[in-house]
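Have a look at the structure first.

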Amino acid sequence: MNDWLYPLSSTAGTWFEDPRTGKRETVSADSFRTMVLNTKSPDDQWYLTTNYRNVEPGDRIWAYTGNDDIGVIGVGKVVAIERSAPEKWITLRFDKAASK
């Protein structure tokens, strides 16, 4: 098992999207809590632009933000990987009790 840092930045032009409604919110610590931690779904799909060849199921992901010096806001495990599609993504299962 490997550990990976996944940066979340409000200045990166990325968003969280609700798969049921299509609603998007700019990435931030607050939107992470709302769109990821406060959902009933145990899994989330996150896109990767680097390291998608190196990540494996069972690896741990540490989601962090440097905005407002908050640091690590979520920890989860990779449960699936899509490497063949044009957009590479991993399916994460966050430990909601350990995430803040």
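What follows covers the aromatic pairs, the cluster and the nonpolar core.

Keep in mind that this is a predicted model. There are six aromatic pairs in total, and Y6, F16, F32, W46 and F94 come together as one aromatic cluster.

**Aromatic pairs around F94**
- F32 and F94 pair edge-to-face, with 5.3 Å centre to centre and 80° between the planes.
- F32 belongs to helix α1 (residues 29-37) and F94 to strand β7 (residues 88-94), so this pair ties together parts that are 62 residues apart in sequence.
- F32 counts as buried, at 0% relative accessibility, and F94 does too, at 7%.
- F94 also pairs with W46, this time tilted: 5.2 Å centre to centre and 45° between the planes.
- W46 sits in strand β4 (residues 43-48) and F94 in strand β7, so here the parts tied together are 48 residues apart in sequence.

**The nonpolar core**
- The largest nonpolar core holds 21 residues, and L8, F16, F32, W46, I90 and F94 are the ones with the most contacts inside it.
- Two or more residues each come from β1 (3-7), α1, β4, β5 (60-65), β6 (71-82) and β7.
- Helix α1 gives this core its largest share, five residues.

**Who W46 touches**
- Leaving out residues up to four places away in sequence, W46 touches Y6, L8, F16, F32, V36, A63, K88, W89, I90, L92 and F94.
- Among those contacts, Y6, F16, F32 and F94 are also in the aromatic cluster with W46.

Notes: Residues numbered from 1 in each chain as written. Predicted model: local features only at pLDDT ≥ 70, side-chain atom pairs only at ≥ 80, totals over all residues. Heavy atoms only, no water. Phe/Tyr/Trp six-rings, centres within 6.5 Å; stacked < 30°, edge-to-face > 60°. Helix = DSSP H or I, 4+ residues; strand = E, 2+ residues; numbered from the N terminus. Buried < 20%, exposed > 50% of the residue type's maximum accessible area, 1.4 Å probe, protein only. Core = buried A, V, L, I, M, F, W, Y, C linked by side-chain atoms within 4.5 Å. Contact = heavy atoms within 4.5 Å.
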